[in-house]
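Q: I'm new to this one. Could you show it to me and help me read its features?

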Amino acid sequence: MMNKLRIGIVCHPSIGGSGLVATQLGIGLAKLGHEVHFIAHKRPFKLIQNYSNVYFHEVDEVNYPLFEGPLHTYSLTAKIVEVVEQYQLHLIHAHYSIPHSLCAFLASNICQYSFPIVTTIHGTDVTIVGQDNAIKRLNTFSMNQSTLLTTVSNFQRQYIQQEFEINQPINVVHNFIDANDFTPELVDQNLRRTLANDDEKILMHVSNFRPLKNTQTVVNAFSQLHCDEKVRLVLVGSGPDIEKIKQQCSQLNILDRVRFTGSVNKVERYIANADCLIQPSYRESFCMVILEAMSCGVPTVSSNVDGIPEVVEEGVTGFMHPPEDAQSMASTISKIFADNQYQQQLGKAGRARAIQHFNTEIKVNQYVDCYHQTLAIH
Ligand code: GMT
């Protein structure tokens, strides 16, 4: 068995769960001594530091006036071919079926040697993007052509099996977190004071403000809080729904109690200062930000959809309600905020669960096992 592998990781570089997980995985693999090559249109947003055995290969844009748009998928395929051959990679790990895994498949057929492909399905690639009929066929094809398929929750595995005709097993590797990076030790009174007054609790929501994050319910729940404590809503991130949310806050006359941070670097510095995180998403194969909050010792109130019940331990680390049930979310948050000890107890349990069940070392090793399986069957 080869001990040290040369692995190509193809992922979305911009802010989002799949790029985050892919980057954490790459760094974890490099720490184990493997050589990791990220291939993407720009440097993955979480690949901040340089590591001796981590490489980044930027995919060049190819534009010809004859075509309506840039030829992303072909330029990615060409880059995969180039990097695999130049660095003699053992395999490609594609995060997202369309287009990454399909590009890897094409590259494997073009290369001097064919290489195995591990594909990880993160959620939106099959639940949203992949539901378009034309794309669905490509999606099914690329999943079936992968040497090995993984996904991030049991829910997601079941969903893929129900919705697509997949002719191979799907391995579940839950997402993971570095509890040294996401830690309650990041509580910082100076930063906290830029978000809220000392006598206020912080209710925080973190997302890319896309419709599926259901941010209007965040505001509805906040406006229905009926606890004695003073509370500030802190909205971290940016995205298509942000202006709508500002309007909603203005109509509800609560703008002065809401703080919009916009996109931030090092989201953990913000999360650690929250007293409770609220995430009412309509869809979520896993939900990294809930895990991040747990690791920082922050209780969570969220929707109960898809893979979220595999992350949250109901009543122990946080609470789940139907996505639009703002009233129940408000009443749960009020209970948490009314009792400091209870808030701390939930936070501690969340951190313990993050460390025990979503440990980076264990999950990275699970992926390494997947790679060895892949090499054995290819
Ligand atoms: O939903 C997002 O914010 C981004 C999306 C992505 O593709 O990056 O996240 C998906 O992958 C994450 C990492 O596995 C999961 O934690 C998210 O739950 C999943 N999003 C959805 O399923 C909607």
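A: Let's begin with domains: their bounds come from an automatic or database domain assignment. Here, domain 1 (6–176 + 359–377) and domain 2 (184–357) both give residues to the shell around the ligand, so the ligand lies between them. This is a predicted model, where local features need pLDDT of at least 70 and side-chain atom pairs count only at pLDDT 80 or more, while totals for chains, interfaces and linings use all residues. Residues are numbered from 1 along each chain as its sequence is written, and side-chain values use heavy atoms, with hydrogens and water left out.

Q: Which residues come nearest to the ligand?

A: A residue is near a molecule if one of its heavy atoms lies within 4 Å of it. Of the 20 residues around the ligand, Ser 18, Tyr 96, His 122, Glu 284 and Ser 285 come nearest.

Q: What polar atoms lie by an oxygen atom of the ligand?

A: A polar contact is a pair of N or O atoms within 3.5 Å. A polar side-chain atom of Asn 175 is 2.8 Å from a ligand oxygen, and a polar backbone atom of Ser 285 is 2.8 Å from a ligand oxygen. For a polar backbone atom of Met 288, the distance to a ligand oxygen is 3.3 Å.

Q: How much of the ligand does the protein bury?

A: Accessible areas come from the Shrake-Rupley method with a 1.4 Å probe. Alone, the ligand exposes 490 Å², and the protein buries 94% of that.

Q: Which peptide bond is cis?

A: Most peptide bonds are trans. Here, a cis bond joins Ile 98 and Pro 99, with omega about 0°.

Terms used: Polar contact = N/O pair within 3.5 Å; in protein donor to acceptor, adjacent residues only side chain to side chain.
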